[in-house]
Amino acid sequence: MSGLSRRRFLQLSGATAAMATSLGFSLDSLEASTPQLRIANAKETTSICCFCSGGCGIICHTVNGELVNVEGDPDNPVNRGSNCSKGAATFQTAKNDERVTKVLYRAPGSAEWEEKSWDWAFERIGELTAKARDASIVHRNDDGVIVNRTEAIASLGSSILNNEDLYLVSKLMRGLGVVNIEHQARI
Ligand code: SF4
């Protein structure tokens, strides 16, 4: 719909319907055979795609507080209604029976997944991080220069992280001596 704004399109659609009626055409049968759109009478709330820091605009349609549809916001100057494949799937972040919402742990050698608490996961991650760091830290390089680094841990950032999140991730990793710091958007 290049060169034709969403509002202009809706205006033209209305004008076309009015013209058809004035020429004696009845739109009743067309209306009767048209399935009800799931966004009919839905409330529109504009938001920002949650997947990356691109900040594309989306419209969330809700009916009685229930999310029924998500699509690109044509009035947002960043994306003008377009979303990439991730953004186009935003609806599934809220409505998806397959989405894993609990911590699942598979012990080494086990074929079974166990459900664990978030507190357990944080403790476990901290414990293993400290163990890996302590076992691999190099304080001086071959020339005797202090480096305090570990190459046993790597950090992979996500493009959904904002400046403040990344500052904290970077600070934590540098503090641990991690030098392998990469970002998903660069890969
Ligand atoms: S994931 Fe895609 S749609 Fe979402 S903000 Fe990034 S580029 Fe835009």
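This note walks through the predicted model above in numbered points.

1. **Ground rules.** Residue numbers start from 1 along each chain, following the sequence as written. Because this is a predicted model, local features need pLDDT of at least 70 and side-chain atom pairs count only at pLDDT 80 or more, while totals for chains, interfaces and linings use all residues.

2. **The overall make-up.** The chain holds six helices and eight strands. Here helices (H or I, at least four residues) and strands (E, at least two) are DSSP runs, numbered from the N terminus. Starting at the N terminus, their order is α-α-β-β-β-α-α-β-β-α-β-β-α-β.

3. Of the 187 residues in the chain, 7% are buried. A residue is called buried if 20 or more other C-beta atoms lie within 10 Å of its own, exposed if 12 or fewer, and partly exposed in between, with C-beta atoms placed from the backbone. Two residues are in contact if their C-beta atoms, placed from the backbone, lie within 7 Å. Among contacts with a separation of 6 or more, 36% join residues 24 or more positions apart.

4. **A three-stranded sheet.** Look next at the open sheet of three strands, ordered E1-E2-E3 with antiparallel pairing. Its edge strands are E1 and E3, each of which pairs on one side only. From one strand to the next, the twist averages 30 degrees; axes are lines fitted to C-alpha atoms, for helices over the stretch in contact, and angles run from 0 to 180 degrees between N-to-C directions.

5. **How the strands are joined.** Strands pair if DSSP finds at least two bridges between them. E1 (residues 43-48) and E2 (residues 57-63) run antiparallel and are joined by six bridges. Six bridges also join E2 to E3 (residues 66-72), again antiparallel. You can follow cysteine 60 of E2 across the sheet: threonine 45 stands opposite it, and in E3 its bridge partner is valine 70. Another pair to find is serine 47 with its partner in E2, isoleucine 58. As for cover, E1 lies largely in the open, because the number buried among its six residues is zero.

6. **Two residues with a positive phi.** Most residues other than glycine have a negative phi, so exceptions are worth a look. Asparagine 64 is not a glycine, yet its phi is positive, at about 55 degrees. Asparagine 64 sits in the loop between E2 and E3, a hairpin with two residues between the strands. Asparagine 64 counts as exposed because it has 8 C-beta neighbours inside 10 Å. Arginine 80 also has a positive phi, near 50 degrees, and belongs to the loop between E3 and helix H3 (85-88). With 16 C-beta neighbours inside 10 Å, arginine 80 counts as partly exposed.

7. **Around the ligand.** Which residues are around the ligand? They are Cys49, Phe51, Cys52, Gly54, Gly55, Cys56, Asn79, Asn83, Cys84, Lys86 and Gly87. To be near a molecule or strand, a residue must have its C-beta atom, placed from the backbone, within 6 Å of it. This shell divides into five nonpolar residues, five polar and one charged. In this scheme Ala, Val, Leu, Ile, Met, Phe, Trp, Tyr, Cys and Pro count as nonpolar, Asp, Glu, Lys and Arg as charged, and the others, Gly among them, as polar.

8. The expected span of a helix is 1.5 Å times one less than its number of residues. Helix H5 (residues 118-136) has 19 residues and reaches 27 Å from its first C-alpha to its last, close to the 27 Å expected. For the 14 residues of H6 (residues 163-176), the end C-alpha atoms are 20 Å apart, which agrees with the 20 Å they should span. H6 is hardly covered either, its count of buried residues being zero. After H6 comes glycine 177, with a positive phi near 95 degrees.

9. **Serine 155 and its neighbours.** Serine 155 lies in strand E7 (residues 146-157). What does serine 155 touch, leaving out residues up to four places away in sequence? Its contacts are Val169, Met173, Val178, Asn180 and Ile181. Valine 169 is 14 residues from serine 155 along the chain, and their C-alpha atoms are separated by 8.5 Å. Serine 155 counts as partly exposed because it has 16 C-beta neighbours inside 10 Å.
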